[in-house]
Amino acid sequence: MRILFLAHRLPYPPDKGDKIRSFRELVALSKNHEVDLFCFYDQPEDRGYFAEVQRYCRNLYAERISWARSRAQALLAVVLGRSLTVAFFHSPSMAARVQEAVQLEQYDLVFAFSSSMAPYAKFAQETPCVLDMVDVDSDKWKQYANHVRPPASWLWRREAASLAKNEKSWVREFSLTLLCTFAESEFMKQAAPEANIVGFENPMDVDYFDPSLVGSSPVIETLRPYIIFTGSMDYFPNIDAVLSFYRDVFPAVRAEMPNARFVIAGRNPATAVRKLSRDPSVCVTGAVTDIRPYLRGASIAVAPMRVARGVQNKILEAMAMGLPVAASSKAAMALPTSLTPAVHAEDDPQRLAAFLVEKLKDTGSSRVETRRTILDYARAQHWDEQFEAMVLRAVRSQSSQQPNLSDAPPQMRATIESERSSTTLGKVFEI
């Protein structure tokens with residue numbers, strides 16, 4: 001098949017939740033199909049990854065997102081009562097490129113990653129379209145509103161309502177919509193019961209997150225014993241999680257273990273997060289080239305998310321490294337059923353602190369069992385095969401409702417196939 005893959009971010013490097021999933025999908029599709037990737041990118045250094053991404057696609061169109069224009073569009077959308085999320089990722093040049101490609105290439109499938117790219121699929125018309133929504137973003141905005149003060153809470157609550165209307169429309173229009181957990185898919189099905197919505201869990205690279213492959217370092221050794229939190233630290237749910245943990249839980253841990261530390265490992269820490277490092281017992285690393293040594297040196301990982309949508313990859317990665325995990329009930333409930341018993345779910349600050357102290361004193365006897373649990377889960381996934389099968393079913397389902405090329409006269413069929421094979425976009429970059 002010829003596939004047009006639309007992504008709101010360059011799916012590389014796979015070092016954060018959405019990029020891990022989108023990159024794995026790109027790689028899986030490229031094994032058996034010709035893929036053209038059209039995406040945005042937001043950092044100048046992303047250009048250095050173009051060559052790597054091109055290994056998995058026939059053509060690449062990468063457009064630098066204009067933060068000034070996107071913010072202006074989002075502001076205008078607020079004034080007009082429209083979704084700021086949709087407005088932020090609206091680009092006339094991207095729309096023109098997508099429309100041109102669809103007309104030239106006669107794609108067999110358009111695959112849109114994230115709801116931000118769903119509007120661009122409208123140019124495909126009769127072509128089967130699959131949307132990986134990943135999370136129900138409208139509900140995430142609703143949760144945000146419950147943890148901030150006005151006027152931000154008003155804005156986010158309105159965005160939740162506006163985006164929810166769009167999501168309901170999109171899932172009805174796409175041949176198939178994927179969500180990263182079964183809980184998310186059931187939530188979306190309630191809004192659009194007639195749509196084809198499937199829960200499809202995140203992939204897990206247990207070969208990379210293997211504690212036997214990495215060692216510690218003198219810097220990490222000086223931090224022990226420590227509790228670790230990982231993730232992009234400019235993301236509101238992560239910021240909220242570490243600030244509330246430091247305020248409500250960590251003091252009780254320190255009261256029992258004065259030498260315990262809290263390590264916050266992740267890129268772009270917000271100002272409020274950086275300020276925590278004024279406390280000698282807190283280490284804010286910023287971006288690290290390899291998170292595995294920090295996970296290997298930790299006593300326990302925490303995911304105390306008060307705002308949570310979808311599976312937290314930080315939990316899966318910590319478990320793969322054999323690390324015990326304590327999570328909020330919101331974060332834990334999104335996990336696959338087979339993994340739930342291996343994670344300690346606790347929302348009460350005092351009880352959570354007591355559990356953390358216990359693990360900080362532990363010798364690590366449960367680590368082998370924790371890794372075995374995630375290994376069993378990963379082996380049972382057959383992720384690439386499941387993904388391929390779902391995509392093919394979506395294409396065949398819609399194709400069965402349209403004229404079959406095989407029924408056309410041989411001369412006409414040959415002409416059509418010849419025209420398809422003669423049109424290519426070439427390697428396209430917009431910087």
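Visitor: Where is histidine 382 found?
Guide: This is a predicted model, in which local features need pLDDT of at least 70 and side-chain atom pairs count only at pLDDT 80 or more, while totals for chains, interfaces and linings use all residues. Residues are numbered from 1 along each chain as its sequence is written, and side-chain values rest on heavy atoms, with hydrogens and water left out. Helices (H or I, at least four residues) and strands (E, at least two) are DSSP runs, numbered from the N terminus. Histidine 382, which is not a glycine but has a positive phi of about 50°, is found in the loop between α17 (367–381) and α18 (383–399).

Visitor: How far apart are the end C-alpha atoms of helix α5?
Guide: The expected span of a helix is 1.5 Å times one less than its number of residues. Helix α5 has 14 residues (92–105) and should therefore span 20 Å, and the distance between its end C-alpha atoms agrees with this, being 20 Å.

Visitor: Within what arc do the buried residues of α5 fall?
Guide: Buried means under 20% relative accessible area, exposed over 50%, and partly exposed in between (1.4 Å probe, protein chains only). In α5 the buried residues are Met94, Ala95, Val98, Ala101, Val102 and Glu105. Taking the directions from the helix axis to the C-beta atoms, these residues line one face of the helix, because they fall within an arc of 135°.

Visitor: Which residue follows α5?
Guide: Most residues other than glycine have a negative phi. The residue in question has a positive phi of about 50° although it is not a glycine, and its place is in the loop between α5 and β4. At 35% relative accessibility it counts as partly exposed, and the residue that follows α5 is glutamine 106.

Visitor: Which parts does the pair of phenylalanine 5 and phenylalanine 111 tie together?
Guide: Rings of Phe, Tyr and Trp (its six-membered ring) pair if their centres lie within 6.5 Å, with planes under 30 degrees apart counted as stacked, over 60 as edge-to-face and the rest as tilted. The structure holds 24 aromatic pairs, and in this one the ring centres are 5.0 Å apart and the planes stand at 35°, so the pair is tilted. Both phenylalanine 5 and phenylalanine 111 are buried. The pair ties together parts that are 106 residues apart in sequence, because its two residues lie in strand β1 (residues 2–7) and strand β4 (residues 109–113).

Visitor: Which elements each supply at least two residues of the lining of the largest cavity?
Guide: On a 1 Å grid over the protein atoms alone, a cavity is a set of points where a 1.4 Å probe fits but cannot get out, and lining residues have an atom within 4 Å of a point. The structure holds one cavity of 30 Å³ or more, and the largest has a volume of about 60 Å³, where volume is the space filled by probe spheres set on the points. Its lining includes Phe229, Val302 and Ile315. The elements asked for are β8 (226–230), β11 (300–303) and α14 (313–320).

Visitor: In which loop is the place of proline 225?
Guide: Most peptide bonds are trans. The bond from arginine 224 to proline 225, however, is cis, with omega near 0°. The place of proline 225 is in the loop between α9 (218–223) and β8.

Methods. 1 Å grid on protein atoms, 1.4 Å probe; cavity = no way out; pocket = protein on both sides within 12 Å on 5 of 7 lines; lining within 4 Å.
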